[in-house]
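Let's take a walk through this structure together. Could you bring up the model and keep the sequence beside it?

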Protein chains: 2
Amino acid sequence: MLELLSTNLDTKTVSFKDESNSWHTMNPATIKVACSNCNLRELCMPVGFNADDMQRLDDVVATRRRVRQGEHLFSNGDHFTSLYAIRTGFFKTCVSTEDGREQVTGFQMAGEIIGLDGIVTDFHSCNAVALEDADVCVMPFANVEDLSREFPVLQRHVHKIMSREIVRENSVMMLLGNMRAEERLAAFLLNLVQRLHARGFSQSELVLRMTREEIGSYLGMKLETVSRTFSKFSEDGIIEVKQRYVHILKPDALKKIFNPQTC
Amino acid sequence: MLELLSTNLDTKTVSFKDESNSWHTMNPATIKVACSNCNLRELCMPVGFNADDMQRLDDVVATRRRVRQGEHLFSNGDHFTSLYAIRTGFFKTCVSTEDGREQVTGFQMAGEIIGLDGIVTDFHSCNAVALEDADVCVMPFANVEDLSREFPVLQRHVHKIMSREIVRENSVMMLLGNMRAEERLAAFLLNLVQRLHARGFSQSELVLRMTREEIGSYLGMKLETVSRTFSKFSEDGIIEVKQRYVHILKPDALKKIFNPQTC
DNA sequence: AAACAACATTGATATATATCAAATGACGTA
DNA sequence: TACGTCATTTGATATATATCAATGTTGTTT
């Protein structure tokens, strides 16, 4: 296995040493990525692997792929071949009706897996769009299945990822079916910072990667309502908002709005 | 493997012959169910198994379990051990908030699998409630995983089931986030008859197993709105409704309401 | 620096659905 | 059969959010 030493996302090059210790530089689309060296490993890959297994696990990932802001990683109707682990960047997934209405079904960040929708029919049924320049690990699903049969811990991991997505969607259904605008936005903000915090970012400050319209689409409300609700929270001193920048001043107040009982 | 010859759900007994051809009767909770003989096999188990594999596949199912109307198959917080394949009966799954609001996340019928929500945390995060007396195959998830590693076709089947659930929830999110009451109810009715038809029932007539309130909870509307929308469809000559009985007179009109573009 | 495009905010008004309320119907049980 | 309970229907009114419209902000292009 090659040792990955540095990546330069701007020049799209990767530097590494081979077995004979000589230097190479190549395009990331053509290199093999080593999960064993990846600092996101504990987010997208199972723990409890020994060093030898870890080498085998690297075989899951075929290549990396760079997706520029606004580009689709995959689209509705595309043939399904791979799952994608996000290394850097931020995505939205969305479905749309014949008459052009769009529903954002999720926002995904580093360490999260997208593409699961394609397994059932071998075709993707949603779109994955980069909301900022992104870099993903391409994991051909055939590899995932082959190695899952060999490594129970990987098999279990894949099952958990799919189950987690089902449970997440259950709670979005609860948001959409039962909650009012303020509750939806509070839940959304709390969920985002919680995930960002798990990745080493601030617990109280964040920069939104999506527009008010995309937030609204996800939460089943119009962009004006999203904006008004932000303003309401701001007037109440719960958050500080400046366009995409949000500072959560009173996390407990947000939690109370989302879930009045447990606070 | 014992040969299952008849079941009497009322007396909770099962009759079968053993290897020496002598008759036995026993409680279904204690017997081993044979997928190889089950007429729902093509709904909940993979196709393309040879006879030998089929025998092994029977090992997935440990027992059967009977659930009376109104009873929970599992509840939020229960330890997760098994998936359940519905043999007979009808279920709803639902999540609820601390303050008692309930969101129905799905309705499940014969041949469908429930319990996937429990995989990620080893605890169930929703409730599965029988809307009529039901009979399920208990499939300990450890068995499913063990046999999945051995049989790629079963592994693929499990992945497809989970992916299908993700895709289904995506389209429910579209319903809840973007559709109006009439569109939601039209989509709901079309989906129900389509699934019933796949099970040999009528394409145009159905008996609802759930209340107006449960339909409303699933579709994010109040029971009064569900009732009014039924009445509206009825006045328009699209359906005939008498309490739980629904006769779809103009399926194309329903499809047009749901999706004006493709009709 | 000016002009432009995309996004966000805010106000006025409309509307779909919720809420409240009453009557009716279905069903199990005493 | 009568009673009580639960589900459903229907009407009148309230309300949260959508819609329409104007203005402000930010960042980019010329």
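This is a predicted model: local features need pLDDT of at least 70, side-chain atom pairs count only at pLDDT 80 or more; totals for chains, interfaces and linings use all residues.

Residues are numbered from 1 along each chain as its sequence is written, while chains are lettered from A and ligands numbered from 1 in the order in which they are written.

Look for DNA strand D, which has 19 residues around it; a residue counts as near if its C-beta atom, placed from the backbone, lies within 6 Å. The closest are Arg180(A) and Thr225(A), along with Thr211(B), Ser227(B) and Ser231(B). Two or more residues each come from helix H7 (223–235) of chain A, and from helices H6 (212–219) and H7 (223–235) of chain B. (Helices are DSSP runs of H or I with at least four residues, strands are runs of E with at least two, and both are numbered from the N terminus.) H7(B) gives the most, with six residues.

Now for the loops. Most residues other than glycine have a negative phi. Asp122(B) isn't a glycine, yet has a positive phi of about 70°. You'll find Asp122(B) in the loop between strands E8 (113–114) and E9 (127–140) of chain B. Gln243(B), also not a glycine, has a positive phi of about 55°, and sits in the loop between strands E11 (239–242) and E12 (245–248) of chain B.

Are these residues buried or exposed? Asp122(B) is exposed because it has 12 other C-beta atoms within 10 Å, and Gln243(B) is exposed with 9. The cut-offs are 12 or fewer for exposed, 20 or more for buried, and partly exposed in between, with C-beta atoms placed from the backbone.
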